[in-house]
Amino acid sequence: MRTSFCIIAMLFSTLSATAEEPLSIGIIGLDTSHAIAFTKEFNREPAQPELANCRVVAAYPYGSRDIESSSSRIPKYTESVKEMGVEIVDSIDALLEKVDCVLLETNDGKPHLEQALAVFKAGKPVFIDKPVGSNLSEVVAIYRAAKQYDVPMFSSSSLRYISGIDAIKSPGFGKVLGCQTYSPCSLEPSHTDLYWYGIHGVEALYACMGPGCEKVRHESTPAAELATGQWDDQRLATFRGIKSGKSGYGGIAFGEKQVLPLGDYAGYKPLLVQIAKFFRTHETPIDAAETIELYAFMQAAMESKNQGGQYVKIADVMAKAEKEADALLAE
């Protein structure tokens, strides 16, 4: 009797797994290596269990048209995804007709608002790769539009899932009292300074500290960018953006019970597992308010640099961005 019950349970489990509806993923933007790496993982045969039933089936290549380091990649990356069985389409509208959910991978944040609005209007869940927008007003407008259209979206750098983050969040570490992170930090003049690449280290910073930063000050030299944030409970955290010398990703967290390194970059898979889960459940793994705040942190850092390194309040840059977002969404 017990044997029969076990066999029935196993059959039910198998049928449930195979009955899960496959999800067709579309990519907007083939101007970043992320598009290639993500497609390889989702379309791997045999599929990794955490990514099963999720497959990239179509892509729209554009993408940046005016940032040469991005736009120059499009022809090669287009051929690469075609070789992985992905159909190339000539418009976002054509893409949206073929897919269940979207990876907005355009490396250039400037077109994101227009691209995201098309996705929201079609009602497709979307992951928006970094940066969400080229400045804070665009970031606020995109999140506001997602809420208006009631479409699930989230954004994250893969550095949020750096290898040591679980240890930092464990009871044995205690409360996080402070953090220092670092990452490469090339700048793009059309974007808020840290949005282009410093986002990786800032994302790791927020993974440790959580939201609640009150003000930010920033120093800039030819070799580095250095942002210091003060949280509303007096905790301090710093991000160092590396522009010369030996580079890499990492940091150190200071806790009530331990001081621990953040560990090594864990690759794309931890983020892709979260994306696949999000596409299946429509539950966002990161609160929108936290992501908006980390972009406000970077916007305040640039404002501080422009003001000679004075502290700039998060509330002040948010108030300005909210007004500018009104104008963007009214267009």
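The model is predicted: local features need pLDDT of at least 70, side-chain atom pairs count only at pLDDT 80 or more, and totals for chains, interfaces and linings use all residues. Residues are numbered from 1 along each chain as its sequence is written, and side-chain values use heavy atoms, with hydrogens and water left out.

## The sheets

Helices (H or I, at least four residues) and strands (E, at least two) are DSSP runs, numbered from the N terminus. Two strands pair if DSSP finds at least two bridges between them.

Six strands make up an open sheet with parallel pairing. Their order is β3-β2-β1-β4-β5-β6. The edges belong to β3 (87-88) and β6. Each edge strand has a single partner, so one of its sides has no neighbour in the sheet. Further in, β1 (residues 23-28) and β4 (residues 101-104) pair in parallel over four bridges. Ile 28 has Leu 104 in β4 as its bridge partner.

Helix α10 (residues 269-281) packs on this sheet. α10 touches β1, β2 (54-60), β4, β5 and β6; contact means heavy atoms within 4.5 Å. The direction of α10 makes about 150° with that of β5. Axes here are lines fitted to C-alpha atoms, for helices over the stretch in contact, and angles run from 0 to 180 degrees between N-to-C directions.

Strand β10 (residues 236-242) pairs with β7 and with β9. With β7 (residues 176-184), β10 runs parallel, joined by seven bridges. Gly 178 stands opposite Leu 236 in that pairing. With β9 (residues 224-231), β10 runs antiparallel, again over seven bridges. Here Gly 229 faces Ala 237. β9 and β10 form a hairpin with four residues between them. In the turn, Gln 234 has a positive phi of about 75°.

## Helix α2

How much of helix α2 (residues 33-42) is covered? Eight of its 10 residues are buried. Buried means under 20% relative accessible area, exposed over 50%, and partly exposed in between (1.4 Å probe, protein chains only). The buried residues of α2 include His 34, Phe 38, Glu 41 and Phe 42. Their cover includes β1, β2, α4 (74-83), β4, β5 and α10.

## Salt bridges

The whole structure holds 15 salt bridges. A salt bridge is a side-chain nitrogen of Lys or Arg within 4 Å of a carboxyl oxygen of Asp or Glu. Three of them are tabulated here.

| Pair | N to O distance |
|---|---|
| Arg 144 – Glu 322 | 2.5 Å |
| Glu 203 – Arg 160 | 2.7 Å |
| Arg 160 – Glu 290 | 3.0 Å |

Arg 144 and Glu 322 meet in a salt bridge through their side chains. Arg 144 sits in helix α7 and Glu 322 in helix α12 (residues 314-330), 178 residues apart. Arg 144 is partly exposed at 27% relative accessible area, and Glu 322 is partly exposed at 31%.

Arg 160 has two partners in the table, Glu 203 and Glu 290. Glu 203 forms its salt bridge with Arg 160. Glu 203 lies in helix α9 (residues 199-209) and Arg 160 in the loop between β6 (153-154) and α8 (165-168), so this pair ties together parts 43 residues apart in sequence. Both Glu 203 and Arg 160 are buried. The second salt bridge joins Arg 160 to Glu 290. Glu 290 is in helix α11 (residues 288-306), so the pair ties together parts that are 130 residues apart in sequence. Glu 290 is buried, as is Arg 160. Elsewhere, salt bridges that share partners join Asp 66, Asp 108 and Lys 110 into one network.

## Two sites

Is Pro 131 buried or exposed? Pro 131 is buried, with a relative accessible area of 0%. Its place is the loop between β5 (126-128) and α7 (136-149). Leaving aside residues up to four places away in sequence, Pro 131 touches Asn 107, Gly 109, His 112, His 191, Tyr 195 and Tyr 295. The C-alpha atoms of Pro 131 and Tyr 197 are separated by 8.4 Å, although the two are 66 residues apart along the chain.

Phe 254 belongs to strand β11 (residues 250-255). At 31% relative accessibility, Phe 254 is partly exposed.
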